[in-house]
Amino acid sequence: MKIRNLIIYYPSFESGGVEKIIKNLIEYFISKGIKIFLITSNKENLKIIKKNKNLKIIIIKNNSYTYLPTRLSSSINSIKYLYCVLRQMNNSDTIVHSMQSNFVPIIISKLLNFKIVIRNSEDPVESVKYSENKFFSYLIFLLRFIFYNFADFIVTNSRGSAKSLEIFVFNKKKISHVYNPYLTEEMIKKSKKKVKKRKIVMTAGRLTIQKNFIFLIDAFKKSSLIKKGYILNIFGKGYLEKKIKSKIKSEKLNNSVFLKGWSNDLTNEYKKSKIFVLPSLYEGLGNVLIEAINYGAITIATNCKSGPKEILMNGKGGAIFPINDTKFLVKILDDIAINNGLAQRKLNIAKKNLKRFNYKSQSKKYLNLLNNVLIK
């Protein structure tokens, strides 16, 4: 029997690429006649999802728990909601898809005898390595090791992420990757409307340790770009906002580096920026790179164990530099400023290969995967 009901579990609906992924999946699944139940906690970020009679959004009432991270609090609060929804369903035509790598939906699904597919969106080892809160990181690492083995399947967003999960899961056949269903026809259409490039270096993401923006500010300052009239625009929000603002002020970069906040649509920013840099310590995939390439920005990224180097085809589609290697990044930036011919050719190669992230083809892979798990 094919899926009739799909429970999408995403208690901490955060700003960023995952919003668009969930939106694209929901629209595709609904077009195939599937009824969607989205369990989440954030009303604000739901605005991009169109209303539909086959979409039911269940909002979690959030109670904060002292000393617990926000994601863990949201998961605890979600237990009764997921339980109540599944109690009304038939396990022969209903499956749970957790968009967060979370042990709560695994426990509830297994207790009620429902199939569940977990999505893992980051390298679990690297996320512990660079975590600020080591206690909770090791706790989550342990919980993943235990509970991932009870999930019916685990899907990741890159080959690198899939490989990193092999240390957790005894049955390696339960792991596979499906690239993010991210690139839409609308995005491709918008990319054809050209905008004059300016001397702008751009980056985007949550203002966290993972995204490594303070390192990028240091490299930008040491490069020749400021003297050549370039500015650095940082788009995002997060707990490091004050620290980044302080860094900009202390380095006297107020006229060269700008913290621009977050927007769900950065299309024009990508279009007018000459260079996009992703300096992350680790990634699952890196959706912002896909957008940057689509809208014609020369792309540079760290050689994370998973994600960016797959998008950039191991350097064929854009420059890759070692994590936290300031000299290497400075050289790349200076070379592009002097002669961007090679960088432009790499961008053209990357753009030709973006079809890997087409939302229809990848959503179809998701649906086939979920159906196969259900009927096993």
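**Chat notes: helices, sheets and rings**

Reader: Which residues of α3 are buried?
Author: V104, P105, I106, I108 and S109 are the buried residues of α3. Buried means under 20% relative accessible area, exposed means over 50%, and partly exposed is in between (1.4 Å probe, protein chains only). Helices (H or I, at least four residues) and strands (E, at least two) are DSSP runs, numbered from the N terminus.

Reader: Before I go on, what sort of model is this?
Author: It's a predicted model, where local features need pLDDT of at least 70, side-chain atom pairs count only at pLDDT 80 or more, and totals for chains, interfaces and linings use all residues. Residues are numbered from 1 along each chain as its sequence is written, while side-chain values use heavy atoms, with hydrogens and water left out.

Reader: OK. What comes after α3, and what is its phi?
Author: N113 follows α3, with a positive phi near 65 degrees.

Reader: On to β5: how many of its residues are buried?
Author: Six of six, so to speak a mostly covered strand, spanning residues 115–120. K115, V117 and R119 are buried on one side, and I116, I118 and N120 are buried on the other. In a regular strand, side chains alternate between the two faces of the sheet.

Reader: What does β5 pair with?
Author: Strand β4 (residues 94–98) runs parallel to β5 and is joined to it by four bridges. Two strands pair if DSSP finds at least two bridges between them. V96 has I116 in β5 as its bridge partner.

Reader: And how does the chain cross from β4 to β5?
Author: Through helix α3 (residues 103–111), in a right-handed β-α-β crossover. Right-handed means that, with the strands pointing away from the viewer, the path from the first strand over the helix to the second runs clockwise.

Reader: What about β5 and β6?
Author: Four bridges again, with β5 and β6 (residues 153–156) running parallel. I118 has I154 in β6 as its bridge partner.

Reader: What's the strand order in the open sheet of seven strands?
Author: β3-β2-β1-β4-β5-β6-β7, with parallel pairing. β3 (55–59) and β7 are the edge strands, each pairing on one side only. On average, neighbouring strands here are turned by 20 degrees against each other, direction ignored. Axes are lines fitted to C-alpha atoms, for helices over the stretch in contact, and angles run from 0 to 180 degrees between N-to-C directions.

Reader: How many bridges does β2 make with β3?
Author: Five, in the parallel sense, with β2 covering residues 35–40. T40 stands opposite I59 in β3.

Reader: Which strands does α1 touch?
Author: Helix α1 (residues 17–31) packs on the sheet and touches β1 (5–9), β2, β3 and β5, with its direction at about 155 degrees to that of β2. Contact means heavy atoms within 4.5 Å. α3 also packs on the sheet, touching β1, β4 and β5, and its direction makes about 170 degrees with that of β5.

Reader: What order do the six strands take in the open sheet?
Author: The order is β10-β9-β8-β11-β12-β13, and the pairing is parallel. β10 (257–259) and β13 stand at the edges with a single partner strand each, so one side of each has no neighbour in the sheet.

Reader: Which strands does α13 lie across?
Author: Helix α13 (residues 326–338) lies across β11, β12 (298–302) and β13, at about 160 degrees to β13.

Reader: New topic: how many aromatic pairs are there?
Author: The structure holds 12. Rings of Phe, Tyr and Trp (its six-membered ring) pair if their centres lie within 6.5 Å; planes under 30 degrees apart count as stacked, over 60 as edge-to-face and the rest as tilted. F141 and F168 have ring centres 4.9 Å apart and planes at 55 degrees, so that pair is tilted. F141 is in helix α5 (residues 134–147) and F168 in the loop between α6 (159–164) and β7 (175–177), so the pair ties together parts 27 residues apart in sequence.

Reader: Is F168 buried or exposed?
Author: F168 counts as buried, at 0% relative accessibility. F141, at 25%, counts as partly exposed.

Reader: How do F215 and F321 pair?
Author: F215 and F321 are stacked, 6.0 Å centre to centre with 20 degrees between the planes. F215 sits in helix α8 (residues 213–222) and F321 in strand β13 (residues 319–321), 106 residues apart. F215 and F321 are both buried.
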